[in-house]
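Please have the sequence and the structure open while I talk.

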Amino acid sequence: MDALCARGDEVLVLDDLSSGRRDQVAQAALFYESDVRSADAALAVSRFRPDAIMHLAAQMSVSRSVREPLFDAEVNILGSLNMLEAARSAGARFVFASTGGALYGDAGVLPTPEAHAATPISPYGVSKLAVEHYLDCYRVTHGVRAIALRYANVYGPRQNPHGEAGVVAIFCKNLVAGQTSTINGDGTQTRDYTYVGDVVQAVLLALDSDVCGAFNVGTGQQTDVNTLFEILSGCFSSPAPAAHAAARPGEQLTSALDCTLISARLGWHPEVEIADGLRLTASWFQRNAGVALAAAGPVPISA
């Protein structure tokens with residue numbers, strides 16, 4: 001949104017504010033509060049007549065998708081279809097925020113390419129894959145120019161603790177507050193942490209391109225939770241230590257995305273190293289400690 005407004009694009013933001021914040025909407029953007037599943041949201045898109053839709057709205061918690069699979073499907077599948085229909089009516093380009101780790105799971109190939117089998121084991125991953133299939137269907141049947149960006153674990157300033165890479169925000173909030181952070185298991189589980197600024201550049205390239213299909217967006221590098229906490233802890237003057245708890249049953253152990261394809265087709269590659277990105281993120285949380293903590297409510301202490 002900020003990047004689009006900065007380059008002079010006219011932007012309409014649709015959000016139900018269930019997890020987002022109104023004060024984070026750029027002043028140059030139009031804003032309409034609406035549920036992605038609603039007829040009102042589709043009508044707002046129709047009236048705006050966009051050239052492109054960046055569909056980021058989602059139920060983003062894997063654990064909640066397991067507890068509430070019907071709700072997950074309503075938001076992530078039916079809500080996405082609502083926006084996809086709006087894109088079809090408007091003749092708009094459609095860029096979909098998908099997922100990498102939740103699709104591939106503990107893949108036998110690391111970094112994992114798009115050609116690897118997508119066999120999600122959570123309702124969240126299933127819903128994202130279902131929408132990718134709908135994108136293919138709408139491209140063939142209706143000519144909708146659609147692309148799915150399979151994100152790794154995106155982190156950075158203004159992050160809340162509830163998404164796939166929420167551990168970064170959880171650690172930062174705990175370190176700011178002087179609270180102990182809990183690492184589940186031995187902390188050797190890995191993820192592909194990708195800085196939000198790099199992801200923004202991938203989105204802009206996707207919006208401005210006519211390329212269709214599914215593309216990984218990540219660094220190709222694995223970072224374990226222990227290392228993550230160690231780097232973040234070093235960014236704070238009086239860090240509280242981490243404690244270990246029992247491992248989560250069925251937790252994914254490894255993840256890293258091969259981004260050769262998006263580099264070849266869109267010219268994208270990550271530029272921010274993990275240590276630099278974490279320092280930038282920690283700095284933002286330190287500068288905005290009161291605002292960030294108040295906005296998030298009670299801070300979970302486990303990751």
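Let me begin with a question: does H4 pass H6 in a right-handed or a left-handed crossing? Bear in mind that what you see is a predicted model. The crossing of H4 past H6 is right-handed, and the axes of the two helices, residues 69-90 for H4 and residues 123-142 for H6, come within 10 Å and cross at roughly 20 degrees. Since angles under 35 degrees count as roughly parallel, H4 and H6 are therefore roughly parallel to each other.

As for who makes this contact, the H4 side includes Pro69, Asp72, Asn76 and Ile77, together with Leu81, Leu84 and Arg88, while the H6 side includes Pro123, Tyr124, Ala130, Val131, Tyr134 and His142. Sorted by class, the contact of H4 with H6 has 11 nonpolar, 4 polar and 3 charged residues.

Staying with H6 for a moment, this helix has 20 residues and reaches 27 Å from its first C-alpha to its last, which is close to the 28 Å expected at 1.5 Å a residue. After H6 comes Gly143, whose phi is positive, near 75 degrees.

H4 has another partner, H2, which covers residues 39-48, and here the axes come within 9 Å and cross at roughly 25 degrees. That angle makes H2 roughly parallel to H4, and H2 passes H4 in a crossing that is again right-handed. In this contact Ala41, Ala42 and Val45 of H2 meet Asn82, Met83 and Ala86 of H4, so that, by the class definitions, the tally for H2 with H4 is 5 nonpolar, 1 polar and no charged residues.

I would like to finish on one residue, Ser65, which lies in helix H3. Is Ser65 buried or exposed? With a relative accessible area of 0%, Ser65 is buried. Leaving aside neighbours within four places in sequence, Ser65 is in contact with Gln59, Asp72, Ser122, Pro123 and Tyr124. Of these, Asp72 also belongs to the H4 side of the contact with H6, and Pro123 and Tyr124 to the H6 side. Ser65 and Tyr124 are 59 residues apart in sequence, yet 5.4 Å apart in space, C-alpha to C-alpha.

Definitions and conventions: Residues numbered from 1 in each chain as written. Predicted model: local features only at pLDDT ≥ 70, side-chain atom pairs only at ≥ 80, totals over all residues. Heavy atoms only, no water. Axes fitted to C-alpha atoms, helices over the stretch in contact; angles between N-to-C directions. Helix = DSSP H or I, 4+ residues; strand = E, 2+ residues; numbered from the N terminus. Parallel < 35°, antiparallel > 145°, perpendicular 65-115°, else oblique. Left-handed = near helix turned anticlockwise from the far one by under 90°. Contact = heavy atoms within 4.5 Å. Expected span 1.5 Å × (residues − 1). Buried < 20%, exposed > 50% of the residue type's maximum accessible area, 1.4 Å probe, protein only.
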